[in-house]
Amino acid sequence: MTDFVGRRRELKELREDIVRTGLDTLSGRKAKAPRARVLLVAGRPGSGRTALAEAFVREIAGDYPDGVLKVRLTTPGGETVATERALRTLLEGLRQPTPPGAAEDELSSALRAALADRRAILLIDDAADPFQVDALLPDTPECLVVVTAEGPLTGIPDVRPCTLGGLDTPSAVRMLAHHIGDIRVTVDPLAAEALAEECGGQPAALRLAGGWLAARPKASVADVAKQLHEMPPGVNGPLGRAFRLVYESLPQPAQRALRLLPLSPAGVIDSHTVSALAGCSVAAAQSMLEEFAGLGLVRHSQDGLFLLPGCLTPLLQALLEARERPAEVQLARARMLERTVRLLHSCRAMAAEEEGVREKLDGLPRALRFPDRRAAATWLDTRLPALSAAASLAVADGELDTLARRLVAALVRALAEHRGTAAAAPELYGLHRLVLDVAERRHLYREQAAALLNLADLDAETGRTQEALERYRAALDAGKAANDPYATGRAMESVGGAYQELEDWHRASDWFGRALSQALARGERADEARLYGRLGNVHTYAGRYGDALRSWRAAAAGYRKLADVPGQAKALSEMARVQEYAGRPGESLHTCREAVELARRAADLRLQAALQVRLADTLDRLGDPAAARVHRSMADRLLGDDPAACEIRSDSD
């Protein structure tokens, strides 16, 4: 339920602005606008600009069948939301892919392409500057953009501004009646009008005053108006006076909990957040939040959370700085981060399948446990913006790096368990960058190497091979500084893989050779076999068939020593392919039959079928079509008629 009232003139003006002739009209003829029409609702925090924009969008939503997309460009704490994050939010709302690490221009182009054939509304809330908005504007006039901001958006052509002041007195009185009931207004209409006047017609101030009166059925409306009028002039404006009235009526524990709310990431609050910040029980925290919501200090959200109004954040921040010592603030923040880490561990455990993870839940209090996997996944989805903000703030703080590292690690694991690394890649990319920031600041070379490798892998998967190559090289330097053989070996192999992707066969074989030398020196047999295979691939692509055969033969020998029958079979199948390329079909036929026998021993039906097809192709080239048909029939019997099932994919590809 909303307490939006009045603003009929503004709503009519906004509706008329949609079709009003714009600056793009020349010589009396209307030219088709190259971009979406932009309407601006301008007003100070607490003026009801967001409520007006949302009410307007509800009225016209039927004219835009492709729906409403909403994004907020400023956090309740006043920080500007990164344009990249805003673009991702809109693309996710359209169910469009958001490649991890994609640049702002790429995401902006993707958004415009996704909206090209749609008729939708973009509601952009609390824009800080026109540059943020410009990157989000569709190139189609079929879409409508509604923006809320404190001031004008200079630089965006033909913006339609609607500047808000206070509500008119009848609308302000109706808003009060929404909170305290019609009877208390009817018995003293002049007092209600006086209170509306003292609140300056500001919806936020009216909401606070109405909430205070609603919690005190016996209080007089006239007395509240008098209290606000008699407050000292040092209190900032109607909103400041109404906030002071409500704040000073709270008991001391609730006052302190309220003062600490600006520490909640992204202004998203739940009972665990308040419990950790204030050091009280979860039940007491939930009770305080319900009381705060009734008083207008926080708002309910659709997913059961609470939101801190941006207009109240500066007032609470001032109280926090004046009443709380820095050490106490830091301790409260640390408690909140520690609680978040424990909740993430619990969330991850509900999705983990390995043994021993769920047993760790036994040591957690009941309030930190989830009833089932679905509840844990829902918690992760609804809290993800706040969790990401918490990780970013913890890293930026610089004083809680140990907790920040634990928080990021726990969030990475929870996302990977619930969504899978591929689906969670956009979020994981940002988290790995946070790990890198902390590792570089603290000179933690091992963690720096790990973060660089993870980022480079995501770059490589999305086609940014050159960027991946640079990060792999940086990871190699960090691994050497940490004296970490795993990181250095992994980095050298990955550098080789990047050069292979770039088709620089000489450099690829050189780097695979370096990684192989380290594996040989350390006696890492599994790595040896894999790297021999990767060298064999590169030599094959480069046409160096003799070198390729030697590498694949060594790979097969390595898998044989490891008793890895499927690996040995795949290596022999690759040998057969190279022998065929080298013009030695007889040897290829013999090797392929040996590989088939190994695949049969390994009970790998897919590999058996693929090798039967390869045998058939070789026999065709040798002039024996009858034998080739027999082997193709065998492949069909193994896996049916799906030709894709007969493709050989080596682990070293």
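**Reading cores, salt bridges and phi angles**

Analyst: Buried means under 20% relative accessible area, exposed means over 50%, and partly exposed lies in between (1.4 Å probe, protein chains only). This is a predicted model, in which local features need pLDDT of at least 70 and side-chain atom pairs count only at pLDDT 80 or more, while totals for chains, interfaces and linings use all residues. Residues are numbered from 1 along each chain as its sequence is written, and side-chain values use heavy atoms, with hydrogens and water left out.

User: Thanks! Which residue forms a salt bridge with Glu447?

Analyst: The general idea is that side chains of opposite charge can pair when their charged atoms come close. A salt bridge here is a side-chain nitrogen of Lys or Arg within 4 Å of a carboxyl oxygen of Asp or Glu. Glu447 pairs with Arg405, and their closest N and O atoms are 2.5 Å apart. Glu447 sits in helix H20 (residues 445–461) and Arg405 in helix H18, so this pair links distant parts of the chain, 42 residues apart. Helices (H or I, at least four residues) and strands (E, at least two) are DSSP runs numbered from the N terminus. Arg405 is partly exposed, at 30% relative accessibility.

User: How many salt bridges does the structure hold?

Analyst: There are 42 salt bridges. One of them joins the side chains of Glu54 and Lys70, at 2.3 Å from N to O. Because Glu54 lies in helix H2 (residues 49–60) and Lys70 in strand E2 (residues 68–72), this pair ties together parts 16 residues apart in sequence. Both ends are partly exposed, Glu54 at 27% and Lys70 at 42%. Another salt bridge brings together Arg419 and Asp381, at 2.8 Å from N to O. Arg419 belongs to helix H18 (residues 401–419) and Asp381 to helix H17 (residues 373–397), so parts 38 residues apart are tied together. Salt bridges can also link up, as in the network of Arg7, Arg9, Glu10 and Glu13.

User: Now the inside. Which residues have the most contacts in the largest nonpolar core?

Analyst: In soluble globular proteins, nonpolar side chains tend to be buried together. A nonpolar core is a set of buried Ala, Val, Leu, Ile, Met, Phe, Trp, Tyr and Cys residues joined through side-chain atoms within 4.5 Å. The largest one has 53 residues, and Leu195, Phe243, Leu258, Phe292 and Leu297 have the most contacts inside it. Helices supplying at least two residues each include H6 (169–180), H8 (189–198) and H11 (237–248). H9 gives the largest share, seven residues. Leaving aside residues up to four places away in sequence, Phe243 touches Leu208, Leu258, Leu297, Leu312, Leu315, Leu316 and Leu319, where contact means heavy atoms within 4.5 Å. A second, separate core of 36 residues includes Leu337, Ala391, Val412 and Val438.

User: And the backbone: what is the phi of Arg95?

Analyst: Most residues other than glycine have a negative phi. Arg95 has a positive phi of about 60° although it is not a glycine. Arg95 is in the loop between helix H3 (83–93) and helix H4 (104–115), and is exposed at 78%. Ala266 also has a positive phi, near 60°. Ala266 lies in the loop between H12 and strand E6 (268–269), and is partly exposed at 28%.
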